[in-house]
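Biologist: I would like to learn how to read a metal site and a few backbone features. Please show me the model.

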Amino acid sequence: MKKFETPDLPYTYDALEPYIDEATMKIHHNKHHVAYTTNFNKALEKYPKLTEQSAEDILKNIDSVPEDVRPAVKNHGGGHVHHALFWEILAPAKDSGEAEGELLQAIVDSFGSFDKFKEEFDQAAMTVFGAGWAWLSVADGKLIIEKTSNQDSPYSLGHTPILGIDVWEHSYYLKYQNRRAEFVENFWKVINWQVVGEKFAQAK
Ligand code: MN3
């Protein structure tokens, strides 16, 4: 049976400083993400055939996962997939770049302007109640902003997330405590726009 693995970060733990601190990155990647991956694998042990799909496809087909392990697959599989995406769409501030080309055009088409998109995304990130994520996703070829609770996945809604912000408190509390707005604002400084553009090109 295939075992899913926690991917290495494509940069060092301190690479996103001062916007996302080293201590948070270490715990978030090495403890939280590793725990999601471990528990995802554990949940799949009884049904090894499921692992013939990608982790994303398992979430897309969540309704066909046997009921006894479905909650665990949803929570830990979601945690595994979402964090893998999160590390990928981040980059040191000097390498962040800007949204451009087809992605920028689609953002303007969907939201009116980049600033308007940012405003709506921030609003989504700020209004996730409790633990969850805000996403920029592709749904039926169009860009949408959406929120999910806990590790519920856009994939399970038939959407493809191309950018996401983790607003679980473990994602920012060490550095920002209750100041989620400051974390959300600083998130924009460390987005890997090249990767988001590539994800858009694949998903649209
Ligand atoms: Mn997290």
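Biologist: How are the donor residues of the manganese ion spaced in sequence?

Modeller: Donors are N, O and S atoms within 2.8 Å of the metal (3.2 Å for Na, K and Ca), and water is not among the atoms, so sites may look incomplete. Here the spacing is H-x54-H-x82-D-x3-H. His28, His83 and His170 each coordinate the manganese ion through NE2, and Asp166 through OD, at 1.9 to 2.2 Å. Histidine 28 belongs to helix H1 (residues 22-44) and aspartate 166 to strand E3 (residues 160-166), so the pair ties together parts 138 residues apart in sequence. Helices (H or I, at least four residues) and strands (E, at least two) are DSSP runs, numbered from the N terminus.

Biologist: What is the model, and how are residues numbered?

Modeller: This is a predicted model: local features need pLDDT of at least 70, side-chain atom pairs count only at pLDDT 80 or more, and totals for chains, interfaces and linings use all residues. Residues are numbered from 1 along each chain as its sequence is written, and side-chain values use heavy atoms, leaving out hydrogens and water.

Biologist: Are histidine 28 and aspartate 166 buried or exposed?

Modeller: Buried means under 20% relative accessible area, exposed over 50%, partly exposed in between (1.4 Å probe, protein chains only). Both residues, histidine 28 and aspartate 166, are buried.

Biologist: Where is aspartate 140 found?

Modeller: Aspartate 140 sits in the loop between strand E1 (132-139) and strand E2 (142-149). Its phi is near 50 degrees, a positive value in a residue other than glycine. Aspartate 140 is exposed, at a relative accessible area of 80%.
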